[in-house]
Amino acid sequence: MNTDVQDVTAESEIRALMDDYLRAVRTWDEALFRSTFDANANIAHYYVRGDEVRTISLDQFVDTIRSLHEKFDNAQEIAEHIEVSRVGHLASVRVDFRFVMGSKEPQGSDLFNLAKVKGRWVIIHKSYWL
C-alpha cells in the first residue's frame, strides 16, 4: 500500500473513531464509549474557574458523562470542527464543540492523543476545556 493510500486510510479510521466517541456521548452507549479509549487512558480538564488542571481516570470520566445523562434529558457533544494530524502510529485530534446540557450549550475544545494499538486506533489521552 502506498503512503498516500495509508494516509487516507488512517485518517478515515481516526475520523470513524471520533464519530464513535461522539455517538457514544450523545446516546450514552457506555460500552461503545469505553471502546474508543485505551484502558489506561487519562483525561485532563482545564478548570476555568479555578485556573487549574484536573486529571481523572477513564472510570471517573465515564461517571462524569453518565451523571450528565442522568441530570439532563439531552447531553451531547456536537462537533463544530475536527482537525486530524498523524505521525506514524500516533495522532492528535482537535475537536471544537458545543456541549448541550439541557438548555445550556457551552463551547469548548477537546485535544485527543491517539495511538494505533494492535491494528486499531484508540484514545490514550484527552485534554479539554469547557
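Modeller: By class, the lining of the largest pocket has 5 nonpolar residues, 1 polar and 1 charged. Here Ala, Val, Leu, Ile, Met, Phe, Trp, Tyr, Cys and Pro count as nonpolar, Asp, Glu, Lys and Arg as charged, and the others, Gly among them, as polar. This is a predicted model, in which local features need pLDDT of at least 70 and side-chain atom pairs count only at pLDDT 80 or more, while totals for chains, interfaces and linings use all residues. Residues are numbered from 1 along each chain as its sequence is written, and side-chain values use heavy atoms, with hydrogens and water left out.

The lining consists of His 45, Tyr 46, Tyr 47, Val 48, Arg 49, Pro 106 and Leu 130, around about 240 Å³ of space. A pocket is an open set of points on a 1 Å grid over the protein atoms alone, where a 1.4 Å probe fits, with protein on both sides within 12 Å along at least five of seven lines; lining residues have an atom within 4 Å of a point. Points are joined across faces, edges and corners, and the volume is the space filled by probe spheres set on them.

Tyr 46 leads us from this lining into the sheet. Its bridge partner in strand 2 is Val 53, and it stands opposite Trp 129 in strand 6. Strands are DSSP runs of E with at least two residues, helices are runs of H or I with at least four, and both are numbered from the N terminus. Two strands pair if DSSP finds at least two bridges between them. Strand 1 (residues 37-47) pairs with strand 6 in the parallel sense over 6 bridges, and one of its residues, Ile 43, has Lys 126 as its bridge partner there. With strand 2, strand 1 pairs in the antiparallel sense, also over 6 bridges. Those two strands form a hairpin with 4 residues between them, and Asp 51 in the turn has a positive phi of about 45 degrees. For background, most residues other than glycine have a negative phi.

Stepping back, the open sheet has 6 strands in the order 2-1-6-5-4-3, with mixed pairing. Strand 2 (52-57) and strand 3 (75-87) are the edges; each has a single partner strand, so one side of each lacks a neighbour in the sheet. On average, neighbouring strands are turned by 25 degrees against each other, direction ignored. Helix 3 (residues 58-71) lies across strands 1, 2, 3, 4 (90-101) and 6, at about 100 degrees to strand 2. Angles run from 0 to 180 degrees between N-to-C directions, with axes fitted to C-alpha atoms, for helices over the stretch in contact, and contact means heavy atoms within 4.5 Å.

One more positive phi belongs to Lys 118, near 50 degrees, in the loop between strand 5 (107-117) and strand 6 (120-129). Lys 118 counts as exposed because its relative accessibility is 85%; exposed means over 50% of relative accessible area, with a 1.4 Å probe and protein chains only, buried under 20% and partly exposed in between.
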